[in-house]
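Here's a quick briefing to read alongside the structure. Have a look at the picture first, then work through the notes below.

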Amino acid sequence: MDVYLLVDFGSTYTKLTAVDLKSETIVGTSKASTTVQTNVLEGYDKALDRLLRDHPEIDNVSDISACSSAAGGLKMAAIGLVEELTVEAAKRACLGAGAIVDLVFSHHLTKREMKKLAETPIDIILLAGGTDGGNQECIIHNAKKLRELDLDIPIIVAGNKDANDVIDDIFVGAKFEYHIVKNVMPKLKVLDVEEAKHGIRQIFISKIIEAKGIKKAEKKIGEIIMPTPEAVLIAAELLSKGFEEVEGYGELMVIDIGGATTDVHTIGEGYPKRTEVIMKGLQEPFAKRTVEGDLGMRYSANAILSTVSSYEFKQYFDEDDKWEHDIEKSIKRRRENTDFLPTNKHEEDFDNAIAKICCDVSISRHVGHIEVVYTPLGSMYYQTGKDLSDIKYVIGTGGVLISNKDAKKILRQVNKKSNKALELRPNNPSYLLDKSYILASMGLLGQKYPKLALKLMKTYLL
Amino acid sequence: MKSVVIGVIGADVHAVGNKIIDHVLSSAGYNVVNIGVLSSQEDFISAAIETDAKAILVSSLYGHGEMDVKFFRENCDEAGLSDVKLYVGGNIVVGKQDFNEVEKRFKDMGFDRVYGPGQKIEDAITHLKEDIGI
Ligand code: B12
């Protein structure tokens with residue numbers, strides 16, 4: 001049998017999915033630890049051996065596509081002018097391209113901020129600022145500062161187009177590579193991130209993969225075409241929209257709780273559902289991704305305690321959870337030993353509480369909010385962000401959720417209502433699990449075989 | 001092309017005049033950034049920063065304008081917009097009041113040009129040309 005092999009070099013595991021294009025089925029999946037420290041191919045070969053051992057019916061791999069979030073994923077800095085406008089637009093472009101945004105700067109870059117930029121491991125910088133025909137002064141100032149720094153970090157310029165010629169002149173002879181693309185906010189509050197995302201992906205393919213030591217894999221498997229989170233976002237969008245006569249699932253949400261971050265993706269317009277509500281702020285992307293760097297099961301476990309008080313933490317234990325949990329100690333243990341796996345019910349329950357917090361808080365931050373404004377003429381309602389109350393499906397993915405028998409209980413935090421009346425959370429969604437861990441693979445497969453990827457997702461998400 | 005920000009401030013929904021102002025100023029050769037009705041001071045200010053606007057034209061029709069524009073000049077100064085010209089017009093106060101009085105109050109608040117009810121937007125174009133050019 002011929003199979004199409006989808007490969008995801010994850011931060012912890014290298015995961016393979018083998019698809020038979022003829023019978024339109026997933027033949028099998030396998031995984032092995034990611035081995036970026038030594039040679040990525042070791043982990044890949046191990047996973048492939050396992051796959052072939054378990055599925056002797058595979059006698060040829062006819063095609064391979066791969067994505068990667070190994071070696072820390074794609075780390076970016078977003079620079080813009082006004083915080084809620086071009087800075088936000090720049091951030092969204094980075095997130096939509098599958099990056100983690102580690103640094104965010106607004107207005108003029110200062111010496112302190114430049115120092116931070118030089119000291120933080122960043123893979124790509126996105127430089128924005130000004131609408132087309134608008135402010136040029138700021139982006140030109142910041143371009144000069146970046147030229148002064150002359151770090152060997154590629155820069156995507158996506159700001160006021162009027163400044164582009166000047167920036168070309170400023171960047172002459174620089175050590176870094178740069179690309180000028182369309183403005184992420186060409187008009188006030190209008191978001192246009194496609195070219196910037198494309199630019200980020202190109203640099204990811206041509207440079208970042210190499211810098212992270214994953215390039216070696218390309219000899220064997222061909223080009224690694226995108227960061228894993230982007231593949232997940234693409235899969236989610238396909239599943240939502242459908243393809244040709246195969247219907248999609250409509251508005252949906254994907255939650256991925258990981259060791260270091262919690263990612264939330266939503267596909268949907270998110271317009272106000274009631275006429276008396278007025279939209280505020282920057283246009284929302286149809287496919288939106290947010291990443292919470294302080295919400296994770298292991299690496300970010302410490303940070304959770306600065307997000308919720310220990311009183312609040314306790315509210316996340318199940319009613320029938322009668323253990324005496326030592327919150328501080330249990331958190332510390334997980335932070336210090338990031339490979340920690342629960343071995344008994346007590347530890348499982350504690351992990352579930354962390355997972356619930358990650359889920360609940362990341363949703364709070366992802367969904368839109370209603371704000372009541374008291375005016376001389378009575379109250380008015382303003383909406384910032386997306387109204388996700390009509391979301392039909394919530395899909396859980398990522399190691400923590402897919403192997404957890406309480407996964408749906410954790411996911412149900414999504415429509416938790418208490419004290420959160422002003423958050424536009426899904427009201428009554430159905431919950432699905434990416435049990436076979438195929439979402440990223442289906443994003444990859446969908447590049448060539450969208451209809452098949454869609455059908456497989458509809459079959460394998462339960 | 002010079003940018004100007006226009007919009008209707010506060011909880012005010014009177015949309016017709018705003019559309020006319022947009023049209024007239026655009027025809028006169030300005031890049032009009034229209035933030036529409038129900039706009040806060042922050043909306044005007046953020047828009048002016050990103051678009052490098054040289055003037056902000058605030059409309060208020062519903063009578064509560066005086067309250068809505070309090071500290072507008074100060075907030076602009078704080079945001080680095082000290083050079084931006086501030087105009088205000090519409091029915092900026094409640095009922096019929098002596099316009100000289102009204103104009104003085106708004107000028108004291110830091111507005112560069114103040115327009116009374118019924119004053120044509122065309123008049124403002126003459127002033128814009130004087131204040132910021134075209
Ligand atoms: C239509 C209208 C409404 C409609 C608005 C529909 C819409 N979405 O646009 C509705 C029914 C919703 C409405 C509601 C109210 N309205 Co009303 N409304 C009017 C009305 C009849 C016409 C407004 C209009 O469109 N004019 C046509 C446009 C082209 O003119 P304009 O708006 O004045 O704008 C021009 C000039 O003022 C000028 N201009 C405006 N801004 C600026 C700025 C600068 C810098 C410059 C240079 C020039 C400039 O240029 C514009 C273009 O030529 C006026 C009365 C009137 N005849 O003006 C009352 C009026 C404006 N409304 C009034 C009131 C009180 C209200 C309400 C508070 C009533 C209530 N108690 O509920 C509510 C407020 C609602 C809200 N949240 O804003 C009062 C305001 C009184 C005051 N300021 O002291 C008015 C004057 C009626 C009155 N005589 O009492 N209203």
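**Getting oriented**

B:H14 sits in the loop that links β1 (3-8) to α1 in chain B; helices (H or I, at least four residues) and strands (E, at least two) are DSSP runs numbered from the N terminus. The model is predicted, so local features need pLDDT of at least 70 and side-chain atom pairs count only at pLDDT 80 or more, while totals for chains, interfaces and linings use all residues. Residues are numbered from 1 along each chain as its sequence is written, chains are lettered from A and ligands numbered from 1 in the order in which they are written, and side-chain values use heavy atoms, with hydrogens and water left out.

**The ligand and its cobalt**

- You'll find the ligand between chains A and B.
- B:H14 is the single protein donor to the ligand's cobalt atom, with its NE2 2.3 Å away. Donors here are N, O and S atoms within 2.8 Å of the metal (3.2 Å for Na, K and Ca), and water is not among the atoms, so sites may look incomplete.
- The ligand is surrounded by 27 residues (a heavy atom within 4 Å of it). The closest are B:A11, B:V13, B:H14, B:A15 and B:S59.
- That shell splits into 17 nonpolar residues, nine polar and one charged. Nonpolar covers Ala, Val, Leu, Ile, Met, Phe, Trp, Tyr, Cys and Pro, charged covers Asp, Glu, Lys and Arg, and the others, Gly among them, are polar.
- A backbone N or O atom of B:A15 is 2.8 Å from a ligand oxygen, and a polar backbone atom of B:G95 is 2.9 Å from a ligand oxygen.
- Two or more shell residues come from each of α1 (16-27), β3 (55-60), β4 (85-90) and α6 (121-132) of chain B.

**Where the chains meet**

- Chain A puts 22 residues into the contact and chain B puts in 17, where contact means heavy atoms within 4.5 Å.
- Together the chains bury about 1,400 Å², 63% of it on carbon and sulfur atoms. Buried area is the accessible area (1.4 Å probe) that two parts lose on being put together, summed over both.
- B:L38, B:I49 and B:E50 supply 43% of the area that chain B buries against chain A, more than any other three residues.

**Helix α2 of chain B**

- Ten of the eleven residues of α2 (residues 41-51) are buried, so the helix is largely enclosed by the rest of the structure. Buried means under 20% relative accessible area, exposed over 50%, and partly exposed in between (1.4 Å probe, protein chains only).

**Residues worth a look**

- B:Q97 belongs to the loop between β4 and α5 (99-108) of chain B, and is partly exposed at 37% relative accessibility. A polar atom of its side chain is 3.0 Å from the backbone oxygen of B:V94.
- A:D20 is part of strand β2 (residues 13-20) of chain A and is buried at 8% relative accessibility. A polar atom of the A:D20 side chain is 3.0 Å from the backbone nitrogen of A:K22.
- A:D123 lies in the loop between α3 (111-119) and β7 (124-127) of chain A, and is buried, with a relative accessible area of 15%.

Conventions. A polar contact is a pair of N or O atoms within 3.5 Å; within protein, one must be able to donate a hydrogen and the other to accept it, and residues adjacent in sequence count only if both atoms are side-chain atoms.
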